[in-house]
Structures are given as C-alpha cells and as structure tokens.
Amino acid sequence: MSFAVLLGAVLGSAAIKSGALIAAVLLITITGIALVANNATERRELEKERALLARYCNQLDKTRPGYQILEWKEKIVIGERGDAHSKLTIRLRPLGPDLLFVRVKFGCGWPQQPRYRRQVKMTVRNLLVDGSPGTTLHQTLTWPKDGVLDAVIHFHEAPSENAEISFGIELDWPKRCLPLIEGSPDEFAFMFAQPVTDAVYRVVLPRGHDVYLEPIGRLDEGFELDKAWDDDERRTVTLMLTDPPLRHRAGARLELRRGQRTISRD
C-alpha cells in the first residue's frame, strides 16, 4: 500500500492514488471484520466456560455439607425509571472445611433481552469483624436465561469450619423493576437452598409512590410483612423471615397505587 501511494505521488497518477486508497479501505475493513469475528468467538467460548463452571459449582453444592446463613440483609432501591440498586449483606457459617465459593441468584421481573446484560454491574467485597469493607472477591456471572443472573462468589481461601464470615454485594441493574414502574404487579421474593436463621428483604419505592401489597408464600410463624415510610418519605416494604423452610419461596407482590408512567425499554 505504501509503495502504491509513493508511486502515485511521483508519477501524478490519479488512478494509482485511487487504487491505493481503495486498497487501504478494504484492508482496514477486512482487518476490522476479522477482529470482530475473533472477539465474538472468544466471547462465546468464555460464556461456555462460565456456564460450565456454574454447572459444576451447582453440582458441588448438592453433594457437600455447604453452609448455614446466619443473617441475610437485602435492600433494593428502585429509581423513577425502574433502575434498581441492591445492597446485600450475608453472614454465614461453613459446615465443612472446604467452602471455597457460594452461589447467589438474582432475578428480574421481566425477560430482559441479552443486550441489557452489559449494563448490569456487581461488586462483592469481604466484610471484616467490625463491619468495615475488606478486599474484593472474584465472581463468575452467568445468565441461565433472560432476566436471571447466577453469581458464583469465590473466597480467597477456605474459611475454618464453624467460623463466621461476612461479605457484601452491590448490584446495579438498569430497568430491573420496569414492570412495577409501568403499573403491572411485580414480585419481590427469595428462596433458600441452604438453612437460614434470619433474613430481611427491604424494597424502597420511588419518592411519592405507594403500592398495593400482598404476600407470596405461606403466612406461617416466622413470616412478617410490613409497610412504612422512611426518613426520605419513600414507601418501604419489608419482609422478615426466621428459619424459613428450604426451597420455600416467600416475599411480596407489589403494584403501584398512583404515579404510574410508561418507560421506554430502549
């Protein structure tokens, strides 16, 4: 290409100059296509490896002693456009000597398309004995289906058996609660595959909105559902569970009373 441009400059041939320019454009285009193809292939391979890791971790969860969740505190703050910021603190006790990871699954109230996945951001951090933040923990994220996020959280080393460990999760998920903001009923619930002592799930609505409310799951002893206003005059819904049964889904179904508006999904 350089030789052709130089030759055109010396001989003054417009045809050679044009040919060199076309060749350059074609070369750049072909190189770009090759890079995109390679990146796409690498992304697909990476997704396969992540899915396999999540599958193996899931199988290990079913065969090893696991852990007991002593305390689960989750708070989700919903924005005016349905964006959601979640903060989750988990304190647990290993039931064996080889706890290297835990799995946490998050859901969305509608089957978001894959293009939204790039916008979801998660940070996981150790919490020290005094509650101050420690170092970041690595996580492996997979999407078993649209609108469902499966996170494998890896510890730096296996904690001692019967020791207590804590970590915090922050999750930013654009338009996660879009159905609620658009005026449709939306569900906020959790289900545990490991034994849990105490769990709290608090939903904070956009300012000025109130909701209709009904429970999800059996209203047994140890199930409490409360609605109140916080210090910022935002409606909050709080679910509290004590020793819930395993794989029992419990939570609340919400629907806005007023202020509903339609938000673009683009």
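Reader: In β8, which residue is the bridge partner of Thr123?

Author: In this predicted model, strand β4 covers residues 121-127 and strand β8 covers residues 165-173. The two pair in the antiparallel sense, over seven bridges. Within that pairing, Thr123 has as its bridge partner in β8 the residue Glu170.

Reader: Which element gives the most to the lining of the largest pocket?

Author: The largest pocket holds about 1,200 Å³ of space. Its lining has 37 residues, and the closest to the centre are Lys105, Phe106, Ala189, Phe190 and Met191. Elements that give two or more residues to the lining are α2, β1, β2, β3 and β9. With six residues, the one that gives the most is β3.

Reader: How many charged residues are in the lining of the largest pocket?

Author: Sorted by class, the lining has 22 nonpolar and four polar residues. The charged residues there number eleven.

Reader: Over residues 1-12, how many contacts does the model have beyond near neighbours in sequence?

Author: The protein chain has a mean pLDDT of 81, with 73% of its residues at 70 or more. Residues 1-12, however, have pLDDT below 50. Where pLDDT is low, the predicted coordinates should not be read in detail. With that caution, the number of such contacts for residues 1-12 is eleven.

Conventions. Residues are numbered from 1 along each chain as its sequence is written. This is a predicted model: local features need pLDDT of at least 70, side-chain atom pairs count only at pLDDT 80 or more; totals for chains, interfaces and linings use all residues. Side-chain values use heavy atoms; hydrogens and water are left out. pLDDT is the predictor's confidence in each residue, from 0 to 100. Contact means heavy atoms within 4.5 Å. Two strands pair if DSSP finds at least two bridges between them. Helices (H or I, at least four residues) and strands (E, at least two) are DSSP runs, numbered from the N terminus. On a 1 Å grid over the protein atoms alone, a cavity is a set of points where a 1.4 Å probe fits but cannot get out, and a pocket is an open set with protein on both sides within 12 Å along at least five of seven lines; lining residues have an atom within 4 Å of a point. Grid points are joined across faces, edges and corners, and a volume is the space filled by probe spheres set on the points. Ala, Val, Leu, Ile, Met, Phe, Trp, Tyr, Cys and Pro count as nonpolar, Asp, Glu, Lys and Arg as charged, and the others, Gly among them, as polar.
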